[in-house]
Amino acid sequence: MEMRRFVKSSRKEMGLTGANVCAGMCSESQYRNYENGHRALNIFVQKRIMDRLGCSSIGLQCLLKNKEYECWQICMEILFALMEGDMVFASQQMKKFQEIWGRESVHRQFLERMNAFYALLHDDDRKEALNHIEKALACTVPGYQNIRQLDQLLSAGEWDLLLDFCCLQESPKPADFRHMLERIGDSPIENQEKSRVYPKAVLCLIEIRKKQEEMGAWKLEDLVESDRLSGQALSCLRKYKNGIFLPEILQIRHEILTWLCKKESAGSGYQEDLKKTEVWLKALELCPQKHETGKELLLNFQVYMMRNVESLCDVLTKRMDMLALTEEELAGELHIDARTIISIRKEKHTPQKQVAEELLAKLGLPQRYLQQIFFVENKKEKEAVDRLVENEKYGGSQDAEVLLNELKDSAKSELAVNARGLKWHQIWADYSANRITAEEGAEKVKELIEECFLWEALEDGKRGYYFSYEELQLLCGFLIFVSPESQDFKLVLRRLEQECRAMMHTFEELNDASILVMILAAVQSAYGNTGEFSLSNQYCKDIIRISERYGNLFRVEDALYALWWNRKEQSGKEDKETLSALADLANLIGDVQGEELMRKQL
């Protein structure tokens with residue numbers, strides 16, 4: 001499905017008008033023409049519309065035209081430079097961005113937001129940061145000054161801007177934050193994105209209250225209300241394994257519960273919650289990165305990223321090289337001029353939509369909105385995929401077969417990508433239930449890979465490589481199933497390592513973080529299982545570094561366990577204290593399977 005159709009079905013499902021969705025970015029008539037396929041909208045405007053509607057772009061595989069890709073690349077380079085603390089490069093790229101793309105409202109807003117981050121990180125200048133935030137809000141949220149009168153549909157990034165706008169005032173008003181908390185809670189923004197702004201709003205409110213009056217002097221009802229809000233924020237972070245703001249939320253919750261326990265009229269249940277919070281805080285000490293409230297509370301980079309983006313021309317070129325196809329061969333099969341493909345390969349020409357879709361289809365690549373490795377048509381189908389994937393990763397009370405059958409009923413299995421996706425998940429269900437062996441699983445996964453490309457394409461000697469997310473997931477799964485003694489194991493391991501090296505320590509690390517840590521996890525496991533512990537440990541450290549930065553606490557926990565397991569195998573001694581803390585960390589983030597595995601070893 002085209003992005004516009006997914007947006008249209010989501011908008012109608014929520015009973016919203018076009019004006020609700022596009023306010024501050026384009027006219028209602030422009031938006032209506034976009035939905036009906038009569039005009040195109042800037043890809044960045046489309047993404048903002050999706051964000052407002054809660055259509056997560058995290059699973060969207062987005063191929064951009066040359067000019068759009070150049071704009072996106074500079075955006076990500078600015079973000080990456082700021083996150084790395086490279087203020088000189090960030091400043092250079094912001095100036096370049098201003099010169100080329102500074103007129104579009106969404107781009108102006110991004111630039112002003114980055115200037116606000118720069119002011120805080122480089123000079124700790126809150127007044128200058130506030131000035132840039134006001135300019136950013138004016139681009140798409142014209143009524144931002146009257147927070148409690150604002151009823152506009154907003155994205156997570158726009159809510160984040162509003163939070164900082166209120167925080168940086170000389171006299172922040174708690175009532176503004178209470179209003180925003182209610183609005184964010186009821187907002188249709190995607191829940192994973194909500195887990196990045198709702199906890200921040202809770203922290204802002206409580207920190208402002210503390211500045212106005214010491215917590216020990218608060219009334220009981222104020223402490224109870226703060227406990228409720230911090231509990232909701234904690235539930236949100238736990239559900240989505242989001243490490244951003246989790247230490248701060250636990251710390252503030254510990255302080256609230258401590259005071260509640262001191263109040264004679266408070267119930268005894270708070271004591272139990274306090275003990276559990278202390279256990280979780282202790283478990284978080286395993287994570288290398290330490291968080292502190294204060295200025296860092298304002299720096300929420302996550303909601304400004306546009307992930308899984310690639311250049312259409314670059315993808316087509318790499319895929320042709322990988323499959324050893326010449327311009328003439330491909331042009332002949334599609335009945336188009338070979339000069340068109342030559343121009344595409346030289347990035348001098350972006351193909352028209354129909355030609356691009358034909359080329360992608362011929363090269364075995366997805367062309368539409370995907371969630372994980374499925375083509376989905378609406379939010380209901382997307383949520384079914386999410387539930388199945390979460391159950392496979394973390395376990396729980398849901399039955400994998402029931403979830404898989406539910407997906408079979410909704411997924412369009414006549415589409416090749418969906419048919420493969422269903423087979424992929426069935427393989428894991430069968431393996432988990434001991435219906436097939438690892439060897440049989442490897443054989444079945446290899447068959448799926450060969451539906452995408454010939455096995456020989458993995459071998460060295462080709463000029464370029466491009467794998468879709470689906471194909472990388474299949475390759476990682478194959479590496480887990482196949483015997484380490486086989487040549488296929490060595491071939492796939494080498495190819496995945498090359499993928500990692502190409503992405504790490506560049507803005508591509510930011511772009512492909514979820515894909516990258518998936519590959520790194522498969523590679524570290526392969527080396528750990530073959531006794532090459534130093535290599536496994538190095539990849540574990542890479543996983544932790546990347547995952548902490550992007551808030552993926554599940555991958556951090558998984559890598560910390562792998563490091564523990566490697567030390568045990570090398571020394572022959574089990575560090576039970578660390579394993580117990582890891583089990584508590586798994587409990588904190590709701591990793592049921594991980595916790596069960598660790599508790600059995602204690």
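How are α29 and α30 oriented to each other, roughly parallel or roughly antiparallel? I will come to that after a word on the model.

This is a predicted model, in which local features need pLDDT of at least 70, side-chain atom pairs count only at pLDDT 80 or more, and totals for chains, interfaces and linings use all residues. Residues are numbered from 1 along each chain as its sequence is written, and side-chain values use heavy atoms, with hydrogens and water left out. Helices are DSSP runs of H or I with at least four residues, numbered from the N terminus.

Now the pair. Helix α29 covers residues 576-588 and helix α30 covers residues 592-601; their axes come within 8 Å and cross at roughly 155 degrees. The axes are lines fitted to C-alpha atoms over the stretch in contact, and angles run from 0 to 180 degrees between N-to-C directions. The two helices are therefore roughly antiparallel, a label for angles over 145 degrees. The crossing is left-handed, meaning that the near helix is turned anticlockwise from the far one by less than a right angle.

On the α29 side, the contact includes Lys576, Leu579 and Asp584; on the α30 side, Glu595, Met598 and Arg599 are among the residues met. Contact here is heavy atoms within 4.5 Å. The contact residues divide into five nonpolar, four polar and four charged. Nonpolar is Ala, Val, Leu, Ile, Met, Phe, Trp, Tyr, Cys and Pro; charged is Asp, Glu, Lys and Arg; the others, Gly among them, are polar.

Next, α12, residues 220-239. Its 20 residues should span 28 Å at 1.5 Å a residue, and the end C-alpha atoms are 28 Å apart, which agrees. The expected span is 1.5 Å times one less than the number of residues. Buried residues in α12 include Leu223, Asp227 and Leu237, where buried is under 20% relative accessible area with a 1.4 Å probe, protein chains only. Among the elements covering them are α10, α11 and α29.

What follows α12? Lys241 does, with a positive phi near 50 degrees. Most residues other than glycine have a negative phi. Lys241 lies in the loop between α12 and α13 and counts as buried because its relative accessibility is 7%. Phe245 is in the loop between α12 and α13, has a positive phi near 75 degrees, and is buried at 3%.

Last, α9, residues 156-167, spans 16 Å, in agreement with expectation. Twelve of its twelve residues are buried, packing against α4, α7, α8, α10 and α11.

Definitions and conventions
Parallel < 35°, antiparallel > 145°, perpendicular 65-115°, else oblique. Buried < 20%, exposed > 50% of the residue type's maximum accessible area, 1.4 Å probe, protein only.
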